[in-house]
Amino acid sequence: MNWLASVDPLFAHGVTWVVLLIVVIKVVAGFSMLMGSVILMIWFERKAISDMQSRIGPQRWGPFGLLQTLADGLKLILKEDLVPAEADRFVFKLAPYLVLLPALVTFAIIPIGGTLTIAGHPVMLQVVNPPMGILLMLAMSGISVYGVMLAGWSSGSKYPLLSSVRATAQMISYEAALGMTIVTIVLVTGSLSVHNIVTSQAGGVWHWNIIRLGLVPFIVFIIAITAELNRPPFDVVEAESELVGGFHTEYSSFRFAIFFLAEYMNTITMSAIIVTLFLGGPAGWVPSVPHLRWVFPILWFLVKTVGFAFCYIWFRASLPRFRYDQLMDLGWKRLIPLSLGWMLIVAGFLVAKGWGFFMGATVLLAWTLLTRAFEIGAVRESGAESVLPTVGERPLPGGVLRSMTDEEDD
Amino acid sequence: MASPFSFFGGFKLTFQHLTRPTVTTSYPQAKRPKQPRQHGRHVLNRYEDGMEKCIGCELCAGVCPVNCIFVRGLDNPPDHPVSPGERYGYVYEINYLRCIHCDLCVEACPTQAITESKMFEFSFTNRADAIYTKAELLVDDQGFPQRLPWEDWREGEAAMTGGWMRATSPSGDASYEGVVQWTGDLGVGVRAPEAGQSDHRDDAATGSKQLRNVFPRHLEPEDVPLDQRGIAARVKSARARMPRRRKDAT
């Protein structure tokens with residue numbers, strides 16, 4: 001029982017039925033909040049992007065079209081549920097839930113407010129505060145890759161298959177950069193627990209990780225998380241112009257709705273994760289109003305999260321989709337070295353100032369060497385001394401090369 | 001080399017669009033004005049003395065890319081001729097399930113017998129209604145298109161038929177642009193030439209409107225006409241809107 005109390009002060013006096021009730025209420029509230037916010041998020045995205053494109057957007061159902069998502073959901077549920085003849089039926093039916101469940105679970109670790117006192121028990125406004133905290137988020141985003149990959153593979157169709165290959169490669173390459181920035185935060189905090197990450201940022205804007213870590217991890221994180229979410233400009237997995245619908249091409253009815261739901265759930269959750277990790281979560285100015293002080297952290301959290309949700313929509317409206325090789329270049333050649341180097345510098349400064357500057361110099365040297373290596377690689381690949389015939393900027397694929405050399409032999 | 005901050009120009013543009021008015025309208029409730037050369041449902045015209053213009057030559061049927069027109073000509077009865085020519089269109093049918101409103105029939109017609117109105121909002125619930133015969137296509141005794149129960153006619157759509165014909169010069173000869181080469185229509189008389197690229201421009205008579213005058217706020221700043229820039233132009237356009245608002249209020 002003692003270790004439970006260390007996780008959550010709610011369990012300090014043992015597990016009574018009141019505590020149990022509070023836990024159940026927290027779970028139900030967290031679930032319904034996420035569901036409700038997904039509906040609002042889809043509406044918000046459609047409205048905001050239509051404003052940015054000088055359109056009207058949804059407007060028929062409810063005031064300002066707020067009920068449009070419900071109408072769409074109802075329509076999707078009433079549609080015929082198709083399973084392609086070539087599909088692996090079990091995996092095909094399993095895949096949507098592999099995407100949905102991680103999306104639900106990740107939201108559970110996010111603290112949306114301070115600590116309340118209900119019936120003499122301290123209640124954290126966080127569904128659960130596991131000791132491994134932020135690792136759960138990484139694990140869950142790892143599992144949701146399985147959902148996307150298996151959905152594409154089990155459809156028995158070529159476009160979903162290509163999409164699942166892309167999804168796997170993309171998620172793996174960006175997860176590395178993502179993990180590295182999280183390591184930076186964990187180094188500074190000294191704890192994996194999300195609650196501790198938030199409390200360590202308390203005490204004003206200058207203590208927030210976005211400033212404290214020097215902006216670079218934040219930028220890397222926001223790029224990597226956008227790629228992790230498969231949102232534009234990194235939505236090569238669902239690139240409509242290349243892959244029809246991507247991994248969910250063959251899905252219809254409720255299973256398609258689940259994919260859609262999970263995607264937007266992830267968008268909200270990841271906005272909340274960014275706020276938690278970099279912007280101090282619910283931290284913010286609280287006026288001295290009696291009995292209502294607990295409301296303001298929640299409001300601050302909501303404002304910040306909606307801000308980032310808007311940023312994702314803004315990205316989608318402004319940026320064209322990356323080409324697949326550009327995506328890989330950005331991930332492997334820029335973000336991973338950058339986040340790794342920054343992590344080393346931060347770690348150096350945590351030990352001593354001298355170590356920090358030493359690490360900085362080392363990373364700078366390594367960065368220069370790496371850039372030179374990329375340059376040489378690019379010249380060998382397609383420069384003047386290149387032995388490979390090229391189309392535009394790219395070398396020809398191996399099959400074409402072989403057929404060309406065969407002709408010369410004849 | 002562009003400025004490194006030019007990357008954020010795209011973000012600025014999309015953000016600016018948040019504040020701009022929408023281009024689209026909430027369709028069935030609010031309808032945008034139609035362009036004068038809108039391709040809508042066809043009409044068969046009459047001369048000012050009431051004679052039919054169609055001479056049953058079947059050129060429209062021949063040129064139609066989707067074969068939606070069916071025409072059969074017949075010799076004019078000598079005692080009461082239907083058209084001034086030798087023959088007249090005895091059968092004239094257009095299948096609107098196939099028509100793509102390309103206006104090639106209007107272009108092919110040697111007598112300007114077939115033109116298009118601006119009305120495109122018509123729906124039918126059976127295939128027989130989709131095939132318009134001469135009884136539905138021919139203008140009425142006043143020279144205006146017949147308004148069938150399933151068609152949604154709006155103000156001015158019947159008046160400006162044949163915009164396409166009036167817009168182009170024969171054989172693409174620029175010297176004929178704006179020169180009237182067509183006969184008068186029953187109830188309307190000789191129609192004014194459409195605004196072209198030359199100086200022959202009578203927007204009041206033709207109902208032409210340049211798109212840049214319709215949506216100036218969606219242009220780049222340098223593309224907005226000079227008389228529509230600045231506060232004075234805002235006041236002017238607001239004044240122009242005032243009477244319409246008063247009418248809406250009453």
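A word on conventions: residues are numbered from 1 along each chain as its sequence is written, while chains are lettered from A and ligands numbered from 1 in the order in which they are written. The model is predicted, so to speak of local features we need pLDDT of at least 70, side-chain atom pairs count only at pLDDT 80 or more, and totals for chains, interfaces and linings use all residues.

Let's start with chain A. It has 15 helices and 4 strands; these are DSSP runs, H or I of at least four residues for helices and E of at least two for strands, numbered from the N terminus. Its radius of gyration is 24 Å, close to the 22 Å that the globule rule gives for 410 residues, so chain A is as compact as a globular protein of that length. (The radius is taken over C-alpha atoms, and the rule is 2.2 Å times the number of residues to the power 0.38.) Along the principal axes, the C-alpha atoms fill a box of roughly 90 × 65 × 45 Å.

How many of the residues of chain A count as buried? The share is 38% of the 410. Buried means 20 or more other C-beta atoms within 10 Å of the residue's own, exposed means 12 or fewer, and partly exposed is in between, with C-beta atoms placed from the backbone.

Now my favourite element, helix H9 of chain A, residues 216-228. Its 13 residues reach 18 Å from first C-alpha to last, close to the 18 Å expected at 1.5 Å a residue, where the expected span is 1.5 Å times one less than the number of residues. Of those 13 residues, 11 are buried, so H9(A) is largely enclosed by the rest of the structure. Among the buried ones are Phe218(A), Phe221(A) and Ala224(A). They pack against several helices of chain A, including H5 (134-154), H6 (158-189) and H13 (324-351).

Leaving aside neighbours within four places in sequence, Ala224(A) is in contact with Tyr174(A), Ala177(A), Leu178(A) and Leu335(A); contact means C-beta atoms, placed from the backbone, within 7 Å.

Most residues other than glycine have a negative phi, and most peptide bonds are trans. The bond from Pro232(A) to Pro233(A), however, is cis, with omega near 5°, and Pro233(A) lies in the loop between H9 and H10 (240-243) of chain A. Phe64(A) has a positive phi near 60°; with 12 C-beta neighbours inside 10 Å, it counts as exposed.

Finally, chain B. Here an open sheet of 3 strands has the order S2-S3-S5, paired antiparallel, where pairing takes at least two DSSP bridges. Its edge strands are S2(B) (69-75) and S5(B) (131-132).

Key. Contact = placed C-beta atoms within 7 Å.
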